[in-house]
Amino acid sequence: MKEELNKVVKVAENEINNASSIYDLMQLKSRYTGKKSVLNSFMQKIGSLSKEERPAFGQTLNIAKKQLVKMITDQEKKIKELDYNKILKSESIDLTMSGRKRAKGSLHPITKVWREIEDIFMAMGFEVAEGPDVEDEFHNFDALNTPQNHPARDLSDTFYLDNDVLLRTQTSTVQIRTMENHPLPIKIISPGSCYRNENDASHSPMFHQVEALLVDEGVTFTDLRDILNIFVKEMFGSKIESRIRPHYFPFTEPSAEIDIVCVKCYGKGCNLCKGSGWLEMGGAGMVDPNVLEKLGIDSEKYTGYAFGLGMDRIAMLKYKIPDMRLLFENDIRFLKQFS
Ligand code: PHE
């Protein structure tokens, strides 16, 4: 019987030492030392031994039980230590590892150009004025001398929200709002969004203009010419000349269109300027005396110039953006390039 017991202890030892989880170990514990355990079955067999043999075997049995219990507690410690090490390892921090970079946001190219334009004009004494995007016909058309049958008023060009309510098609509305409220002389720029019913690679239904208005005594066309030259060189560099061409706007007389030398080919002619060597930037002119008079400004005493430039166009030229729609699609891969 003693031999049998030794065998059992041997097997148990092997099993206990191989137990890799606390659960397995607890199963073994109950199998070998619990109430219905193998050791207990030996206990019951003591009765079949002779009186002399009983105490010795009882002792052996006790020792065996103690051994098994010790083996189990030892193994339990071992398993727990292993688990703990595993956790430590999985949660440990490698201080030598380089950190993960946080993506930094960047300004939108139009915001950049917007701010740069404000800086350039503010340095020359212009104030920044604002006007609403939602306008009435008076400020967008009537006060700007636009005849009732002018095609720009058409539903196919202008977004109307209601009868007399529309999304402004130009920042020239701010000319009117400023002349209504601002004491003379006036020297403002007004950057902002405009809306027209058009959509292609060089037109977006929402776009941006910057308006400029200067009204004072003795303002001439030469002053307009000067300010445009200065601005263009500040914005695009000293190599870039500007020119004006006769044009028509209802609210300026004379009126002109502003071109700059092509920023890609410097005037030689390329695909960007369609061979002409020049790129369109906006419109300009001397404020029509009619406009001044309608707003109660003495056109004998005061003259003024105004111009409006496409800010998206400026951003496209400055950053060589081929399609205007890229500016408004909010594709992170595109925007990332401006950080
Ligand atoms: N508002 C005109 C346009 O959108 C541009 C312009 C502004 C022309 C100021 C003359 C003076 O086309």
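Predicted model: local features only at pLDDT ≥ 70, side-chain atom pairs only at ≥ 80, totals over all residues.
View A. Phe338 counts as buried, because its relative accessibility is 8%. Its ring forms an edge-to-face pair with Tyr319, with 5.3 Å between the centres and 80 degrees between the planes. Tyr319 lies in helix α10 (residues 311–319) and Phe338 in the segment after α11 (332–335), so the pair ties together parts that are 19 residues apart in sequence. Tyr319 is partly exposed, at 26% relative accessibility.

**View B. Phe42 and Phe57, one of eight aromatic pairs.** The two rings are tilted, at 50 degrees between the planes and 6.3 Å centre to centre. Phe42 belongs to helix α3 (residues 38–45) and Phe57 to helix α4 (residues 53–91), 15 residues apart. Both count as buried: Phe42 has a relative accessibility of 2%, and Phe57 has 6%. Lys45 lies over the face of Phe42, 5.0 Å from the ring centre.

**View C. An aromatic cluster with a lysine over one ring.** Phe121, Phe126, Phe231, Tyr305 and Phe307 make up one cluster. Over the ring of Phe126 sits the charged end of Lys187, 5.1 Å from the ring's centre.

**View D. The open sheet of seven strands.** The strand order is β1-β4-β5-β9-β8-β7-β6, and the pairing is mixed. β1 (127–128) and β6 (242–249) are at the edges with a single partner strand each, so one side of each has no neighbour in the sheet. β6 pairs with β7 (residues 252–261) in the antiparallel sense, over seven bridges. Arg245 stands opposite Glu257 in β7.

**View E. Cys273 without a disulfide.** The cysteine sulfur nearest to that of Cys273 belongs to Cys265, 3.6 Å away. Cys273 is buried, at 5% relative accessibility.

Notes:
Residues numbered from 1 in each chain as written. Heavy atoms only, no water. Pairing = 2+ DSSP bridges. Helix = DSSP H or I, 4+ residues; strand = E, 2+ residues; numbered from the N terminus. Disulfide = S-S within 2.5 Å. Buried < 20%, exposed > 50% of the residue type's maximum accessible area, 1.4 Å probe, protein only. Phe/Tyr/Trp six-rings, centres within 6.5 Å; stacked < 30°, edge-to-face > 60°. Lys NZ or Arg CZ within 6 Å of the ring centre and 35° of its normal.
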